[in-house]
Amino acid sequence: DVPALVSRFLAERPRAQSRAVFVSASASFAACAAGLGCSAVKVGEEAVFDLDRYSFSGGSMRRLRYHEGRARRSGVEVENIASAALASHSVAAGVNIVTTAWVEQHAIGAMGFLLALRPLHEPDKPGKRVFVACLEGRPIAYLTAIPLPAANGVYLEDYVRGPAVPDGTVEALFHEACLDAQARGYDYVSLGTAPLAGLTPADSRDHPVIGWLLRTAFDRVSWPYDFKSLLAFKARFHPTRWVPKYLVYERPFTTRVATALALAYAPRSRARSSAAPAGLGASDAEAVSC
């Protein structure tokens with residue numbers, strides 16, 4: 001469907017002078033779009049775990065098992081809850097408290113619409129799961145898992161934690177999410193793209209200036225988005241493979257396109273972020289406006 005999708009998107013965009021930009025596109029998508037007048041440059045790599053090979057055993061997972069064990073010994077238990085059932089679940093109020101605390105803890109507020117914290121209740125995603133870490137019955141952190149039906153995969157979207165959680169909580173949540181995806185017959189789990197990860201001069205041979213700017217940003221920029229820390233966080237789980245992701249755009253690449261991309265990732269205002277954290281009470285309008 002990609003050729004028809006790209007063709008229609010280019011033909012039906014709102015204004016004749018606007019330009020289409022596809023973010024975090026696959027290599028096959030980029031190749032298809034190239035035949036329709038678009039160019040592509042690598043902008044990161046996606047951490048993918050093939051579930052037919054996934055296991056918490058083995059030497060490479062020793063540290064993960066150690067940290068998960070610490071969390072379990074501290075009393076951390078994980079609840080596996082369908083998104084549609086979360087609002088009536090006993091942990092609902094505690095989950096909202098964790099969300100609010102997370103928003104208040106991050107001084108810059110939630111990130112822009114490409115990285116905004118999603119509402120926990122999304123009825124249009126019936127397979128969405130929320131894994132809630134509890135300590136003595138009180139929610140302290142959660143991880144959301146979104147099904148990708150066409151690819152038979154699962155995307156681990158948001159990890160949100162309270163101000164103080166036992167060591168190993170994120171490992172416990174990750175392991176539970178992967179085991180659940182395995183049991184449901186999915187092929188893989190994705191931790192999403194690590195922006196600007198794995199870039200080399202060869203990746204931007206046709207766009208040397210853009211490539212240099214992206215590699216420099218990865219090496220030197222740490223606010224408001226710490227690229228190296230995010231890569232390290234994803235890499236600690238030992239993905240089966242890293243999948244290249246591309247920025248696909250209509251030629252030429254202009255300052256207007258660069259500005260639009262920067263705004264798409266920019267933090268939202270603190271006032272707006274704090275007013276409606278994306279918990280159980282967030283409205284559909286809030287989700288759309290993100």
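**View 1. Helix H1 meets helix H2.** The axes of H1 (residues 2-12) and H2 (residues 27-34) come within 10 Å of each other and cross at roughly 55 degrees. Axes here are lines fitted to C-alpha atoms, for helices over the stretch in contact, and angles run from 0 to 180 degrees between N-to-C directions. That angle makes H1 oblique to H2; angles under 35 degrees count as roughly parallel, over 145 as roughly antiparallel, 65 to 115 as roughly perpendicular and the rest as oblique. The contact (heavy atoms within 4.5 Å) takes in Val-2, Pro-3, Leu-5 and Val-6 from H1, and Phe-29, Cys-32 and Ala-33 from H2. Sorted by class, those residues come out as seven nonpolar, no polar and no charged. For the classes, Ala, Val, Leu, Ile, Met, Phe, Trp, Tyr, Cys and Pro are nonpolar, Asp, Glu, Lys and Arg are charged, and the others, Gly among them, are polar.

A quick note on the model: it's predicted, so local features need pLDDT of at least 70 and side-chain atom pairs count only at pLDDT 80 or more, while totals for chains, interfaces and linings use all residues. Residues are numbered from 1 along each chain as its sequence is written, and side-chain values use heavy atoms, with hydrogens and water left out.

**View 2. The whole protein chain, for orientation.** You'll find 11 helices and eight strands in the protein chain; helices (H or I, at least four residues) and strands (E, at least two) are DSSP runs, numbered from the N terminus. Of its 290 residues, 44% count as buried, where buried means under 20% relative accessible area, exposed over 50% and partly exposed in between (1.4 Å probe, protein chains only). Among contacts in the protein chain with a separation of 6 or more, 76% come from residues 24 or more positions apart.

**View 3. Helix H7 packs on helix H8.** H7 (residues 208-220) and H8 (residues 227-235) pack at an angle of about 80 degrees, their axes 6 Å apart. This makes H7 roughly perpendicular to H8. On the H7 side the contact uses Ala-217, Phe-218 and Asp-219, and on the H8 side Phe-227, Lys-228 and Leu-231. By class that's four nonpolar, no polar and two charged residues.

**View 4. H7 and what covers it.** With 13 residues, H7 reaches 18 Å from its first C-alpha to its last, close to the 18 Å expected at 1.5 Å a residue; the expected span is 1.5 Å times one less than the number of residues. Its buried residues are Ile-210, Gly-211, Leu-214, Thr-216 and Phe-218. Their cover includes strand E2 (38-50), strand E7 (188-195), H8 and strand E8 (241-250).

**View 5. Ser-60 and His-238, brought together from across the sequence.** These two sit 178 residues apart along the chain, yet their C-alpha atoms are separated by 7.3 Å. Ser-60 is in the loop between E2 and helix H3 (62-73), and counts as partly exposed at 47% relative accessibility. His-238 belongs to the loop between H8 and E8 and is partly exposed too, with a relative accessible area of 39%. Phi of His-238 is near 60 degrees, a positive value in a residue other than glycine.

View 6. Ser-24, in strand E1 (residues 21-25), has phi near 60 degrees, positive in a residue other than glycine. At 31% relative accessibility, Ser-24 counts as partly exposed. Elsewhere, the peptide bond from Arg-251 to Pro-252 is cis, with omega near -5 degrees. Pro-252 lies in the loop between E8 and helix H9 (255-265).
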